[in-house]
Number of protein chains: 2
Amino acid sequence: MNLTSGHRFRVTYELRGTASSVEEQARLLAVEQTIEFPPAFVDDVRILAEVVGQIETIRQVEGRVFHVVVGYAEETASGEFTQFLNVLFGNISLQEGIRIVGLDLSDVAVPWWKGPRFGVEGLRRRVGVPHRAMLCTAVKPMGLSAEAMGELAGQFALGGVDFVKDDHGLANQTFAPYRERWLRCLDGIHRANARTGRSCGFVANVTAPRHELEARAMLAKELGAAAVMVAPGIVGLDVLGHLSGLPGLDLPVVSHPAMLGALSSNPTHGIAHDVLFGTLNRLAGADAAIFPSFGGRFSPTKEICGSVAGACRSPGPLRACLPAPGGGIRIEQVREAVRFYGRDVVLLIGGDLHSGSAGIPQTCAAVVERLEDEYSGREN
Amino acid sequence: MNLTSGHRFRVTYELRGTASSVEEQARLLAVEQTIEFPPAFVDDVRILAEVVGQIETIRQVEGRVFHVVVGYAEETASGEFTQFLNVLFGNISLQEGIRIVGLDLSDVAVPWWKGPRFGVEGLRRRVGVPHRAMLCTAVKPMGLSAEAMGELAGQFALGGVDFVKDDHGLANQTFAPYRERWLRCLDGIHRANARTGRSCGFVANVTAPRHELEARAMLAKELGAAAVMVAPGIVGLDVLGHLSGLPGLDLPVVSHPAMLGALSSNPTHGIAHDVLFGTLNRLAGADAAIFPSFGGRFSPTKEICGSVAGACRSPGPLRACLPAPGGGIRIEQVREAVRFYGRDVVLLIGGDLHSGSAGIPQTCAAVVERLEDEYSGREN
């Protein structure tokens, strides 16, 4: 009798070395991520043939760089996103020179992922923007009072910003405790919406200690937030699907990349940007995925950014996840960014919306106008 | 009126460059981790003087390597471990060449950490081993039935192993679902304890999806586990203190390093081994911290391993966290390991306990005898 169904998920690891050293490393890796035990001591041959990860292909990409596809019996992940992550990269995270560059789940029979609940269309409906690229900004800096943040949120909304979010470092600081901050921000936004006729939405950061996170998300819902944001690098990727399915919450979930850079930033170890910020965020249940864009304070290339957006929106059985590039994008880069990412995107622009001499609402309005022009093809 | 109390926590970042490039990088870092906003646009000078991280010292360690101490107002962490982690390394994880090598919390007035609830003495009491180094092993390989795992657990306990734990990849696989596995393992251990008069304890892996983790921990308690284990790299460091304080659980919490290697394995980025596996595990609430040891399948030096053990047990207001080095330690290395780590340690030995021709109980008994000899100073 077989131990497993034969269905496998396949992970592509990038390894470095010679053909023979890579083969040996791959063999050790496939054992480490499954049975973590000397194969010579295993009595049941089915464990070796079915439970241990199987090296399916080894391909030399260039020089010392190889791509190794390891197939894991889907039963090793036990239908749980947490254990799935552990099989992908748990113990081998402690080694060096191993990078996940691909993930193929097409053969899995019992999915352990949830995928976006709302997706791009759901987010568009929330803010009444059916076609063009969207604009998101954050209330900051930390240290402002809740009242000042509410004022600021209202100015963004007056300018036509689609989403105003908590800066990801806003938690429950004495300067602006979350309840008061959310009340003020939502009030500012609702007043502005009443004037503009738009539907600017507020995104509440609910990254919080484990015993408070759900309650904070439910409060955000109760007060009128349009979405919740959480940093899975701090509280676990599994939180995305958890929030997405939390009874009564019924809000889109935005993933913030804080701490996730530990996995992505070393080019020869960890998890490639597209797999991490795109594929895994989307599988886990993020409706939108914030990631560092080219042209800002972080260092990814255009090619990397394109791959992330591609993984967020690639055709398939799951709803698309809205790519949300950010991290220092400037107003002068908006046109280039929209042309690069396409219209199914939400651009995160923070500090630069404060830079205009005309005032925040006017600066925001000019950016939104640019997004509309880009969609309609108007010259500007 | 000041925005903050003036109490700060201090983080030492290792940066690389020239004196002037490092100073510039440090300045940007201190902004990124707090206000994440162009200082030029900040109206309130108190935000610049109090909320933005303050560069306290920059010291050239050697050549292009500098240690920069940044002091953060304790209010930036808002009394929450999750936001504390975000201030330490959230957004800068997305950059390169920044490594946390020190953490000083001596000036913080309102602690956001919990620290170990049981600590070394608490763990010793659980298994009735007051003085010598302890021995822990894992039931594996994945793919064994719950019955076979129970049998194995009993053999370890017969041999005098102090803790038998779930292998960290054992979740809820069809081969051995957690409830059945725990029942069998605990049964095997209790029968053995009845014969030996010892108090071998079972450590249940409760790394699980968010909506099930607490229930799984409570079940482990109900069935008689001596401790629970969780991988904070997968579900967040905050889970350690959460489990430690979970009403009615009342069990020591063991931290497993799966996925945490993303933070530690790049020598020029992330968080140093001692800060991550020692200081942060301990602050978060781990009673024992598993980490990769020298001499096994992973690559840390003795110096690194010593620093981790040191951070786990350094004198201070918190209970010590039991260092639990593992990852391929062999029986022939036990003496060296104990002499290196000292007696307040639990050695994790997995596969090698299966290597003896005399059988598992006899092999384990020989290792435990060696630990006793090392403590009593007997020649052997």
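The dialogue below goes through a predicted model and asks what lies behind the words used for it.

Trainee: What are the ground rules for reading this model?

Mentor: Because the model is predicted, local features need pLDDT of at least 70 and side-chain atom pairs count only at pLDDT 80 or more, whereas totals for chains, interfaces and linings use all residues. Residues are numbered from 1 along each chain as its sequence is written, chains are lettered from A and ligands numbered from 1 in the order in which they are written, and side-chain values use heavy atoms, with hydrogens and water left out.

Trainee: Why is B:Leu322 called buried?

Mentor: Buried means under 20% relative accessible area, with exposed over 50% and partly exposed in between, for a 1.4 Å probe and protein chains only. B:Leu322 has a relative accessible area of 1%, so the word buried applies. The residue belongs to strand β12 (residues 322-326) of chain B, where a strand is a DSSP run of E of at least two residues, a helix is a run of H or I of at least four, and both are numbered from the N terminus.

Trainee: Which residues does B:Leu322 touch, leaving out those up to four places away in sequence?

Mentor: With contact meaning heavy atoms within 4.5 Å, the partners of B:Leu322 include B:Val120, B:Leu123, B:Met134, B:Asp287 and B:Val345.

Trainee: What makes a nonpolar core, and which members touch the most others?

Mentor: A nonpolar core is a set of buried Ala, Val, Leu, Ile, Met, Phe, Trp, Tyr and Cys residues joined through side-chain atoms within 4.5 Å. The largest one has 240 residues, and A:Leu280 and B:Leu280 touch the most other members. Beyond four places in sequence, A:Leu280 is in contact with residues including A:Phe81, A:Phe84, A:Leu85, A:Ile271 and A:Val275.

Trainee: On what grounds are β5 and β6 of chain A said to pair?

Mentor: Two strands pair if DSSP finds at least two bridges between them; β5(A) (residues 134-139) and β6(A) (residues 163-166) have four, in the parallel sense, with A:Ala138 opposite A:Lys165. β6(A) also pairs with β7(A) (residues 201-205) in the parallel sense, over three bridges, and there A:Lys165 has A:Val203 as its bridge partner.

Trainee: What makes the β-α-β unit of β5(A), α5(A) and β6(A) right-handed?

Mentor: A crossover is right-handed if, with the strands pointing away from the viewer, the path from the first strand over the helix to the second runs clockwise. The unit with helix α5(A) (residues 146-158) is assigned that hand, as is the one of β6(A), helix α6(A) (residues 178-196) and β7(A).
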